[in-house]
Each structure stands twice: as C-alpha cells, then as structure tokens.
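User: I would like to learn how to read the side-chain and strand features of a protein model. Could you take me through them one at a time, with the general idea first and then the case at hand?

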Amino acid sequence: MRNLLNPRWLFVLNTLPTAVLIFILFGDYNVIKSQLSPESIGLWRDMGLALVLLAMLSAAYAIFLIIRQKCISFWYGACALLSYIGFLWAYNVYREDLIPRSIPLWMLSGDGFVYVGTFLMPTLAYSLFVLVARVTPDPERSSAGKNFGFAFLVPLLWYFFFQIILPLREPVSGGFYDHALVVFFFAGTVAFLFFLIRAAYIVASKRIGGWREYQLPWKLTISLVFPLWGLAINNGHLFNLFGDGRGNSGVFGDFNSYWFYGLAALNGLCICLPNRENKMYRLILFLARSLTFAYTCYFFLVFLPYLPFSVLAIIAIGVGFLMLTPLVLLVVHISELAADFAFLKNYFSKKILVAASVLSFLIIPTVLTTIYLRDKSVLYKTLDYLYAPDYAGKYDLDKKSLEKTVNVIRSHKTRNFQTLSSNQTPYLSAYFNWLVMDNVTLSAAKINTVERVFLGGNYELSEPDRRTGGVEIDSISSKSRYDSTQKAWISWVDLSLINRGGPNFQMPEYVTTFSLPTGC
C-alpha cells in the first residue's frame, strides 16, 4: 500500500485527469465564448490559469521527488487537499457567471460541475490517502474499529447540528452562516473520508482473515445487491425517493434502461464466481471480468463527484452508503482481476493477457459507439428524406432508432441547473450529443415534422419564448463570390448583434424578419 506514495502516481492521478478536464473546459469555452460577457471571459481566464498552475506545481513536485528519489510527504497531501478544495469552492460560487443561464445545455459537452468534481476527485482522494499513510506508519498496531467508529460519528454529529444547534442560532448578517456551513461541510466530509480510508488501510494491511472466510457474502452484497438496490432507488422503483417509478429520470441521472440492470447482474455474477485452479476457466472468467470492468469504471466516474455528499445522504435518507458502493466495487473488481492475472501469467504471455483484457474492456464502449453511429445515420437519412430527398434513391429507416434519437434530442433541449437531478444519462448523453448531433440540435419545428411524418403522432412542441426588441446591430461585414456552376453571385452578410435590454432569462432568444431584395 505504501507503494502508492511513489511520486509517479501524481502523473496518473493528478496530471492526466487535470489535463483531460482542461481539454473539456477549453472546448466548451471556445463554443460559448461569443455569448459571454467580458467579466465572464475574465473569470474563465482566471480559473483556467489557477487550474493550470495547480497541475504544473504538482507535476514539478513529482519530478523533483523522482530526481531526489523520495516519496510524497505529508505536507503535499495537506496543501493539495486545501488547494483543490478551494478551487472547487470557487468554481461552485462562480459557476453561474462562468456559464450563464442564457446558454442552452446542448451547446456544452455536459455538466461542468460534474466534470470538475469527477476529474479533480482523484487528486483529493489521493491527498487523503497520503495523509492516512503518513499518520499511520504502523497500521498493524492501529485499530480499524475505532476509525470506523469515528467515520460514522461524523453523520451523527451533523444530524445533531442540523436538528438542534442550527435551529437555535441567532440571525447574523453578512452571510456568516453561509460561509460557516461551507467550511463545516468540507471539514466534516474530509474527516469522514479520512477515517473511512484509514480504517480500510488498516484492514488491508492486517490482512484480516474474515474477508477470505466470508468473501462470497461480501462480494454478493457489494457487487450485486447494492448496485441493483441503488438502481431501483434512483429510478423510483423502491421508496419512490427520486424517480417516479414510471421510467422517468432519477436524482443521479436516467438509468432506467434494462441494460443497466442486466449489466449490473452480469457484473455481480462475474465477480462472485469462484476462482478455480483451471487455466481455461480462469481465462474465460478473466475476460468476462475485463468486459464488465467498463461498467464498474463508468459508475465509479458517475459517482466520483458526489462522494463528498455521501455524508449528507446518510443523514437525509439513510441509504447514502450506497453512494460509496462504486468506490468499494472498483477496489474489489481490480483485486479479482489482479488475482486472475497473477494465476494466468504462469500459463500465458503477459502481453497476450494484457491485450486480451484491453480488447474485452473495449467491447461495451465499441458496441455503444456502433449503436450511436447507426442512430446518426438514421437521423441524417431522415432529414435528407424530408428536406433534400433523392427521388431516385430508396429509404429504409429504423423507426425505433429514430424515435429514441428524437426523445434524446428533446431532453437535451431542456436547461437544467440542478446538480443532483437529471433526465439525462451522465457522460453517455454528452457522448451522444457529440457523436450523433455534433453538439448542435434540431429546431422544435423539425422535431415536430419528424414525429408527424415517421412516428404517427401529432405532437406539438412549443418554441422557446422570444423577443423582438432590445437588440441592435453592432457591426456589419459582407463578402461575395461568383459561383460559375450556378451562374449566380453568393453573398454572406455577417451581423454582430448587441443586447441593449440587459439579461432576460425568460426570453433568451431574439427573432426578427429580413426583407430580401428581388432575385435573392
């Protein structure tokens, strides 16, 4: 376990995730830059520079330690934890200035808050581990039970605070309590995760035999019962806490597809199957576990930014421990894959095992990509049929694919600012929007036309509110060229508009009519 103090881990857990986050945010910024105010552009610049600086400092520190052949110190864990928590706090405070409400969701690659939480959480978790490893030099002499007790004492203290202390407070001006609650939240979350990680570290170091003796019940609970239970609760099929029980969205996203339940069951089965001393059996099991590892990694990424909220969820609804399931499941899954690899390398080449594992892992993403590309082909053929038909051609359209695509497009046209609520599927909806829709959307009129012509319906989709005043032309530029094939001039007129009426969240779109000259 102490091998994780090797400074090379900083490149994996800090530099790489931060680089991916910067790439995603920079792409979104380039798309929406023209709709941002100068103040928002300056805020984007400052936040971006801060993120780049933090990543560069971590990378430089890792290089320094590698040269000096030293391990990561306690002070790096403390400084990184405080720095990245401060960045997350600042991003949360200013995120509506970074991405104003007037910008539609379909222009973005996804929820920026979720992305920031996802790709910075590995650094926060690793910083906590560094602190745990440094304050626990001799884990075999430490008590895991006490640390588990301290960890779950935090939710009890929070409950006591919110139910008894907070109602007795006297009103204080200046937002004191708002900032105090933020500090209280971060401090409590860090304490909870610190003691939880420390307890797990002690258990792993002592190699307690109870896990081996009762590993099947533990595996069954962690890999099968909890995932299916969590899906059912999120989708409203149990307790009706979040969804409505009728296949609509849940608090963490839309996971109502039967594929999620099927893959959860298959993943649990693969993890719970016994590790027999038979090379062909273990090879098949290793490949099956590699295939479903994509499912485990996906839900780990989905719940990673919500990990700090598990304490609040435990207090509020009592089943917040389910939010910790993807983290524990990832550890268990990796442990099983490592055991399979250690057994199989005695019979097969390591390179062949690694290649086979990677190919198995890529099966689910490849199938998903193939389905999305088919949806894209069907959508484009549909639009060609309606607006640019080839009368000599033959159209054979998949109505199920088209109906699914139209429903996804309609859901993407909504503007949802609630972090813990979504009618989309995390990451997959953004991937669909990028691959199928090229980060654009269809107008309500076109959606209505597609549904009327192909889906046998007469659906009316109202256009968003628009206004006709308060906007002026700031500048005009034009260019023309002669098209010899059409024997006509083609002109482009670029109008730069400015909003003189101020922000108007209720009517974000402006519409006007142009009278074209004769012959245009």
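This is a predicted model: local features need pLDDT of at least 70, side-chain atom pairs count only at pLDDT 80 or more; totals for chains, interfaces and linings use all residues.

User: How is a pair of aromatic rings described, and which kind of pair do Phe299 and Phe303 form?

Analyst: In general, the distance of the centres and the angle of the planes describe a pair of aromatic rings. The structure holds 18 aromatic pairs. In the pair of Phe299 and Phe303, the centres are 6.4 Å apart and the planes make an angle of 25°, an arrangement that is stacked, since planes under 30 degrees apart count as stacked. Both Phe299 and Phe303 are buried.

User: Which pair is tilted, with 45° between the planes?

Analyst: That is the pair of Tyr372 and Tyr431, whose ring centres are 5.8 Å apart. Tyr372 belongs to helix α14 (residues 363–387) and Tyr431 to helix α16 (residues 428–435), so this pair ties together parts that are 59 residues apart in sequence. With a relative accessibility of 9%, Tyr372 counts as buried, whereas Tyr431, at a relative accessible area of 27%, is partly exposed.

User: Turning to salt bridges, what is the general idea, and how many does the structure hold?

Analyst: The general idea is that side chains of opposite charge can pair when their charged atoms come close. The structure holds seven salt bridges. One of them joins Lys219 and Glu336, with the closest N and O atoms 3.0 Å apart; this pair links distant parts of the chain, with Lys219 in helix α8 (residues 215–234) and Glu336 in helix α12 (residues 325–344), 117 residues apart. Lys219 is buried, with a relative accessible area of 5%, and Glu336, at 6% relative accessibility, counts as buried. Lys219 and Glu336 are also linked with Arg282, Arg289 and Asp340 in a network of salt bridges.

User: What is the salt-bridge partner of Arg45?

Analyst: Arg45 forms a salt bridge with Asp46, and their closest N and O atoms are 3.8 Å apart. Here Arg45 is exposed, with a relative accessible area of 51%, and Asp46 is partly exposed, with a relative accessible area of 43%.

User: How should I read paired strands, and in which sense do β2 and β3 pair?

Analyst: As a general point, the side chains in a regular strand alternate between the two faces of the sheet. Strand β2 (residues 471–483) and strand β3 (residues 488–499) pair in the antiparallel sense over 12 bridges. Among the facing residues, Glu472 stands opposite Ile498 in β3, and Ile473 has Leu497 in β3 as its bridge partner. The two strands form a hairpin with four residues between them, and Lys487 in the turn has a positive phi of about 55°.

User: Which residues form a nonpolar patch on the surface?

Analyst: The patch is formed by Ile473, Ile476, Val493, Leu495, Leu497, Tyr510, Phe514 and Leu516, which together have about 800 Å² of accessible area. Strands β2 and β3 each supply at least two residues of this patch, and β3 gives the most, with three residues. Phe514 is found in the segment after β4 (509–510) and is exposed, with a relative accessible area of 58%.

Technical notes:
Residues are numbered from 1 along each chain as its sequence is written. Side-chain values use heavy atoms; hydrogens and water are left out. Rings of Phe, Tyr and Trp (its six-membered ring) pair if their centres lie within 6.5 Å; planes under 30 degrees apart count as stacked, over 60 as edge-to-face and the rest as tilted. Buried means under 20% relative accessible area, exposed over 50%, partly exposed in between (1.4 Å probe, protein chains only). Two strands pair if DSSP finds at least two bridges between them. Patches are made of residues with over 30% relative accessible area and no salt bridge: like charges are joined within 9 Å, nonpolar side chains (Val, Leu, Ile, Met, Phe, Trp, Tyr) within 5 Å. Accessible areas come from the Shrake-Rupley method with a 1.4 Å probe; for residues, only the protein chains shown count as cover. A salt bridge is a side-chain nitrogen of Lys or Arg within 4 Å of a carboxyl oxygen of Asp or Glu.
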